[in-house]
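Here is a note for a colleague opening this entry. Please keep the structure in view while going through the points.

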Amino acid sequence: MSLISLAGELTENGHRLVQRVYYEDTDFSGVVYHARYLHFMERARTDYLRLLGVEQASLAIEGDTEGLVFVVHRMEIDFKMPARMDDILTIETTTEKAGGAKMVLKQEIRRDGVLLIAAKVIIAVINGQGRPRRLPEALAIKFLAAGHKVPTRVE
């Protein structure tokens with residue numbers, strides 16, 4: 001299996017990652033425990049960055065004198081339908097906005113094309129001291145270009 005397939009793939013809209021639901025992801029009723037969806041979405045965001053050539057560890061150390069770190073600032077999640085053990089889930093991530101000191105990502109989790117989870121994730125860009133800092137223009141363009149969008153700056 002290639003590294004690219006492990007990290008999912010870049011698509012015309014952003015990123016797609018396929019994950020299987022394991023026993024450890026479920027609760028006593030056999031459905032995916034609600035907090036596990038956060039894990040699936042975090043993996044997808046991390047692999048999205050990886051495929052864009054953005055190495056989070058090196059940004060924090062080498063980005064510039066301040067460093068650069070992405071943190072989840074806010075998340076809105078709609079739980080539409082449950083997933084169950086052995087389901088194959090597709091997690092799609094799309095950049096809606098990038099610029100200033102934040103990014104807005106849309107994430108959806110589907111099973112066989114059926115929407116299970118819809119989330120809006122606001123990512124804050126901070127420096128090594130935890131203070132807000134601007135997303136470098138080159139990175140904003142990478143995120144927006146992944147979905148072939150016209151650059152939209154966040155106010």
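How many aromatic pairs does the count come to?

1. **Aromatic pairs.** The model is a predicted one. The count comes to four aromatic pairs. Look at Tyr48 and Phe143. Their ring centres are 6.0 Å apart and their planes stand at 75°, so this pair is edge-to-face. Tyr48 belongs to helix α2 and Phe143 to helix α4, so the pair ties together parts 95 residues apart in sequence. Both Tyr48 and Phe143 are buried. Elsewhere, ring pairs link Tyr37, Phe40 and Phe79 into a cluster.

2. **Overall layout.** The protein has four helices and six strands. Read from the N terminus, the order of elements is α-β-β-α-α-β-β-β-β-α. The protein has 155 residues, and 41% of them count as buried. Its accessible surface is about 8800 Å², with 53% belonging to carbon and sulfur atoms.

3. **The largest core.** The largest nonpolar core holds 19 residues. Among those with the most contacts inside it are Val54, Phe70, Ala98, Leu135 and Phe143. Helix α4 provides the largest share, five residues.

4. **Phe143 in detail.** What does Phe143 touch, leaving aside its neighbours within four places in sequence? Its contacts are Tyr48, Leu49, Leu52, Phe70, Thr95, Ala98 and Met103. Of these, Phe70, Ala98 and Met103 are listed, like Phe143, with the most contacts inside the largest core.

5. **A second core.** There is a second, separate core of 14 residues. It includes Val21, Tyr37, Phe40 and Ile91. Tyr37 and Phe40 also sit in the ring cluster with Phe79.

6. **Strand β6 and its partners.** Is β6 mostly covered or mostly open? Mostly covered: 10 of its 13 residues are buried. Strand β6 runs antiparallel to β3, and 10 bridges join the two. Val69 stands opposite Ile126 of β6. Strand β5 also pairs with β6 in the antiparallel sense, over 10 bridges. There, Arg110 has Leu115 in β6 as its bridge partner.

7. **The β5–β6 turn.** β5 and β6 form a hairpin with two residues between them. Asp112 is found in the loop that runs between β5 (102-111) and β6 (114-126). Phi of Asp112 is positive, about 50°, although Asp112 is not a glycine. Is Asp112 buried or exposed? Asp112 is exposed, because its relative accessible area is 77% and the cut-off is over 50%.

8. Asp86 is placed in the loop between β3 (69-79) and β4 (88-99). At 48% relative accessibility, Asp86 counts as partly exposed.

9. **Confidence.** The mean pLDDT of the protein is 88. Of its residues, 88% reach 70 or more. Where should a reader take care? Where pLDDT is low, the predicted coordinates should not be read in detail.

Note on methods:
Residues are numbered from 1 along each chain as its sequence is written. This is a predicted model: local features need pLDDT of at least 70, side-chain atom pairs count only at pLDDT 80 or more; totals for chains, interfaces and linings use all residues. Side-chain values use heavy atoms; hydrogens and water are left out. Buried means under 20% relative accessible area, exposed over 50%, partly exposed in between (1.4 Å probe, protein chains only). Accessible areas come from the Shrake-Rupley method with a 1.4 Å probe; for residues, only the protein chains shown count as cover. A nonpolar core is a set of buried Ala, Val, Leu, Ile, Met, Phe, Trp, Tyr and Cys residues joined through side-chain atoms within 4.5 Å. Contact means heavy atoms within 4.5 Å. pLDDT is the predictor's confidence in each residue, from 0 to 100. Rings of Phe, Tyr and Trp (its six-membered ring) pair if their centres lie within 6.5 Å; planes under 30 degrees apart count as stacked, over 60 as edge-to-face and the rest as tilted. Two strands pair if DSSP finds at least two bridges between them.
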